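Morning, everyone. I will go through the contacts between the two chains in this one. Let me put it on the screen.

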Number of protein chains: 2
Amino acid sequence: MPSILVFGHKNPDNDAISAAIGYAYLKNELAKKNGEDVTYEAVRLGGLPPETEWILSENGIETPRLIEGVGEGDKVILVDHSEALQSAEGLENAEIVEIIDHHRLGGLTTAQPLRYNAMPVGSTCAIVAREFGIEGIEMPKAIAAVLLGAMLTDTVIMKSPTTTNFDRDIIAKTAEFVGVDPVEYGMSIFKCRSNPAELPVDKIVNADAKEFELSNGNKVYIGQFETVDLQAVLGREAEIREAIKALVAEKGYQFVLFFATDILAEGSQFICEGDTEFVNKVFGIDVTGKSVWMPGVLSRKKQVAAPILAA
Amino acid sequence: MPSILVFGHKNPDNDAISAAIGYAYLKNELAKKNGEDVTYEAVRLGGLPPETEWILSENGIETPRLIEGVGEGDKVILVDHSEALQSAEGLENAEIVEIIDHHRLGGLTTAQPLRYNAMPVGSTCAIVAREFGIEGIEMPKAIAAVLLGAMLTDTVIMKSPTTTNFDRDIIAKTAEFVGVDPVEYGMSIFKCRSNPAELPVDKIVNADAKEFELSNGNKVYIGQFETVDLQAVLGREAEIREAIKALVAEKGYQFVLFFATDILAEGSQFICEGDTEFVNKVFGIDVTGKSVWMPGVLSRKKQVAAPILAA
Ligand SMILES: [Mn+2]
Ligand SMILES: [Mn+2]
């Protein structure tokens, strides 16, 4: 039976993995309902975040298979991203049949028409949950718990400015169905992330990091680490700085911007190496050689990547 | 009150105009329902096709305003296209807030997340009609008749290979609601197109024509004229050839491919000027200096543009 691969971006976060699991489940149920001879497999492009590991094991859901890349003859569905730089190696040789996403339009082209379902909302998992309703497919409680978890991590428990009324509605409904309080459930997910004082530094720097291309053609790397213990992260600033300096040198990035987001204090600490002047100009700050606290900055997409890409 | 412009591609066909009218209506009703202080205006980038003129006047719907282009500060919704080359002048300075389309992904980028709703189906108007159902907005009969008309022209009365079961379903339901037989209604729409023996030649050549960019960076122009009287079109082959030769010279296209589609005989006659060798290779034909009958070719997107862009 032909199989279609469903995957989120490289360096997957909880939303990327959970959306692939939820959407592959929905598409398999739809295929059965319509008597179509095709299966959908959720796969992943990188390691599981600790909170995802916990949620999947709590709900008895198998970890998606790790793939190295895709190639000629593969049919794929991209979730939670729409940029080649953030996607599987060899994507240019595969056929993209669907994209389901909540990011900016990333410049991909296809030869054939496709299903593209993007909404400017807090998480891809909220869009996936909406599709269950539209298609009239029943959502098992385990899938609902997984989708809810990612709605809460991607919106930083509804504190991120990317959170819309649509997100709040669908989080409330899904939490009721699962039988949990959304804020409590969200806090238990964030707490199960490892202690930042003990994590290897590359797990902090690459926890949720993506490459972007500036309009001048140069690449930059922007990474975020969400935490309930900012001081433990800042205690390792020297190590973090060494690690991102090495990334600038190895990968030729114009700059690497790392920021640790304190989800309780609702702000982020910026650490930058490379062409820090670019970042200084965009944000009107001085992050050259020192870290800077940015109150209210919670969203990489809306508050960090967007102004950098628009500059 | 802020106004958002809704428009289809340049050289608008019936689907481009009708989708803009239907979607602007839906968005205005949704805004009223949600108490949002915004209006949506359907506009157009070119002249009305004759069948659209007839359908709008039959249903008492105002002709969308013609605009020259868009600019800084404009918020826009693109319907029935997603390529800059086919869109409004100045699009790069406007903010794209939504795209609703049934074509390939055309390489646009945005700084912010947006609503992107594309499906690989026969017409944009079918996707617009589906949205009325999802959003629970009542469709007036006049809007239904306009959307139905475009579902029938874009699928060549369901004969085009782009027609899916989704299209057939929604055409049947909409026709029942409007109170017409879909095939009869479709034939009456195609018949109201002008007599190809009497049309100015540029109305034939540019009836439904679009620019595309090849992977080598060169531009090509592919135009289709659907007719129930192929002989009348072919009687003007010499004039058509002169007109497209002039386009190659003026615009620097690698080639211009014009094809007249006989919707009854279900095939198309190709006429090409410029680098005809490219077209010969893609289709395994010899169209250099002579026109060629291509049985079964009805869809520019799926059967003509796709193989050219993939070459
Ligand atoms: Mn996400
Ligand atoms: Mn169309």
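Start with Tyr116(A): its bridge partner in β8(B) is Ala118(B). That belongs to an antiparallel pairing of β8(A) with strand β8 (residues 115-118) of chain B, over 3 bridges. Strands here are DSSP runs of E, at least two residues, helices are runs of H or I, at least four, both numbered from the N terminus, and two strands pair if DSSP finds at least two bridges between them.

On conventions: this is a predicted model, with local features needing pLDDT of at least 70 and side-chain atom pairs pLDDT 80 or more, while totals for chains, interfaces and linings use all residues. Residues are numbered from 1 along each chain as its sequence is written, chains are lettered from A and ligands numbered from 1 in the order written, and side-chain values use heavy atoms, without hydrogens and water.

Now the totals. In contact (heavy atoms within 4.5 Å) are 27 residues of chain A and 27 residues of chain B. The two chains bury about 2,300 Å², 60% of it on carbon and sulfur atoms; buried area is the accessible area (1.4 Å probe) lost on putting two parts together, summed over both. Leu105(A), Pro113(A) and Arg115(A) supply 26% of the area chain A buries against chain B, more than any other three residues.

How many salt bridges cross the interface of chain A and chain B? The rule, a Lys or Arg side-chain nitrogen within 4 Å of an Asp or Glu carboxyl oxygen, finds 1. Arg130(A) forms a salt bridge with Glu135(B), with the closest N and O atoms 4.0 Å apart.
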